[in-house]
Amino acid sequence: MDDMDDMDHMDRRILSVFRAYGSDPRVAGAARALSRAGEHGALWLAAGLAGAAVDGARRGAWLRGTALTAGAHLVSMGVKRVVRRPRPAHVEPLVRTAGRHSFPSSHATSAAAAAVAYGALGAHAIPPLAVAMCLSRLVVGVHYPSDVAAGAALGALTARAGSRWMAGGAHD
C-alpha cells in the first residue's frame with residue numbers, strides 16, 4: 001500500500017468509528033440538529049448578528065467577524081467545486097446533504113471561522129460548540145475526517161487572516 005492508500009484507509013476507519021456513535025438515538029438526534037443548524041453557516045451567522053445586536057460597543061467587530069465567517073464558508077464552497085471529492089459511500093448517512101461533494105467540510109469551515117472570530121470577542125461558548133459541529137459531520141456520516149480537518153483549518157486561517165481587519169474597528 002502506498003501513503004495515499006494508507007491515508008484513505010485511515011480516513012474510512014475513523015469515519016466508521018464516529019458513525020457508529022450515531023446508532024445511539026440521543027447522539028444521532030444531537031448530530032442531526034447540529035447539521036441542520038450549521039447548514040450554509042446559519043448558526044454562526046445568527047450568532048454573529050446576535051453578538052452585534054447585544055454588544056453595541058463592538059458592533060462593527062461582530063459584523064466584520066460575521067463577514068469573515070460568511071466569507072470562509074463561501075471559499076469552502078468554491079474549493080469543494082474544484083476538488084469534487086465524493087461523499088463517503090461506505091457508511092449510511094443520517095442526514096441529507098445540500099451537495100454531492102465532501103472536501104472540505106463547509107460546516108467545519110464556518111464553525112472554525114466563527115470559533116476564531118467570535119472567540120476573539122470573548123464568546124467562549126462558541127469554540128466548544130464549533131468542535132461539536134465538526135464532530136457531528138463524522139457522526140452523521142457525510143464527511144471523512146480529512147474533509148473536516150481541512151475545513152476547520154480553512155475556516156480558522158480565514159478568520160485569523162482577517163483578524164486585524166476585524167479588530168481594527170472594535171471600538172466603533
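The legends below describe close-up views of a predicted model.

**View 1. Salt-bridge network of Asp11, Arg85 and Asp147.** Asp11, Arg85 and Asp147 are joined by salt bridges into a network. Between the side chains of Asp11 and Arg85 the N to O distance is 3.1 Å. This pair connects distant parts of the chain, with Asp11 in helix H1 (residues 3-21) and Arg85 in the loop between H4 and H5, 74 residues apart. In the salt bridge of Arg85 with Asp147, the closest N and O atoms are 2.7 Å apart. Here too distant parts of the chain are linked: Asp147 belongs to helix H7 (residues 145-161) and is 62 residues apart from Arg85. Arg85 and Asp147 are both buried. Asp11 counts as buried because its relative accessibility is 8%, under the 20% limit.

**View 2. Salt bridge between Asp24 and Arg26.** The structure holds five salt bridges, and one of them is formed by the side chains of Asp24 and Arg26, at 2.8 Å from N to O. Asp24 has a relative accessibility of 23% and therefore counts as partly exposed. Arg26 has a relative accessible area of 68%, so Arg26 is exposed. Side chains of opposite charge can pair when their charged atoms come close.

View 3. His73 is placed in helix H4 (residues 59-83). With a relative accessible area of 8%, His73 is buried. The His73 side chain comes to 3.5 Å from the backbone oxygen of Ser106. Leaving aside residues up to four places away in sequence, His73 touches His40, Gly41, Ser106, Thr109 and Ser110. His40, one of these contacts, sits in the loop between H2 and helix H3 (42-54). The phi of His40 is positive, about 55°, although His40 is not a glycine.

View 4. The relative accessible area of Arg84 is 48%, so Arg84 is partly exposed. Pro104 is also found in the loop between H4 and helix H5 (106-119). The peptide bond leading from Phe103 to Pro104 is cis, with omega near -5°. Most residues other than glycine have a negative phi, and most peptide bonds are trans.

View 5. Helix H6 covers residues 126-139, 14 residues in total, and its first and last C-alpha atoms are 20 Å apart. That reach is close to the 20 Å expected at 1.5 Å a residue. Buried residues in H6 are Ile126, Ala130, Met133, Cys134, Ser136, Arg137, Leu138 and Val139. Just after H6, Gly141 adopts a positive phi of about 75°.

View 6. Val27 is located in helix H2 (residues 25-38). Val27 is partly exposed because its relative accessible area is 31%.

**View 7. Ala70 and Ala150.** Ala70 is found in helix H4. Its relative accessibility is 25%, so Ala70 counts as partly exposed. Ala70 and Ala150 are separated by 80 residues in sequence, and their C-alpha atoms are 17 Å apart in space.

Terms used:
Residues are numbered from 1 along each chain as its sequence is written. This is a predicted model: local features need pLDDT of at least 70, side-chain atom pairs count only at pLDDT 80 or more; totals for chains, interfaces and linings use all residues. Side-chain values use heavy atoms; hydrogens and water are left out. Helices (H or I, at least four residues) and strands (E, at least two) are DSSP runs, numbered from the N terminus. The expected span of a helix is 1.5 Å times one less than its number of residues. Buried means under 20% relative accessible area, exposed over 50%, partly exposed in between (1.4 Å probe, protein chains only). A polar contact is a pair of N or O atoms within 3.5 Å; within protein, one must be able to donate a hydrogen and the other to accept it, and residues adjacent in sequence count only if both atoms are side-chain atoms. Contact means heavy atoms within 4.5 Å. A salt bridge is a side-chain nitrogen of Lys or Arg within 4 Å of a carboxyl oxygen of Asp or Glu.
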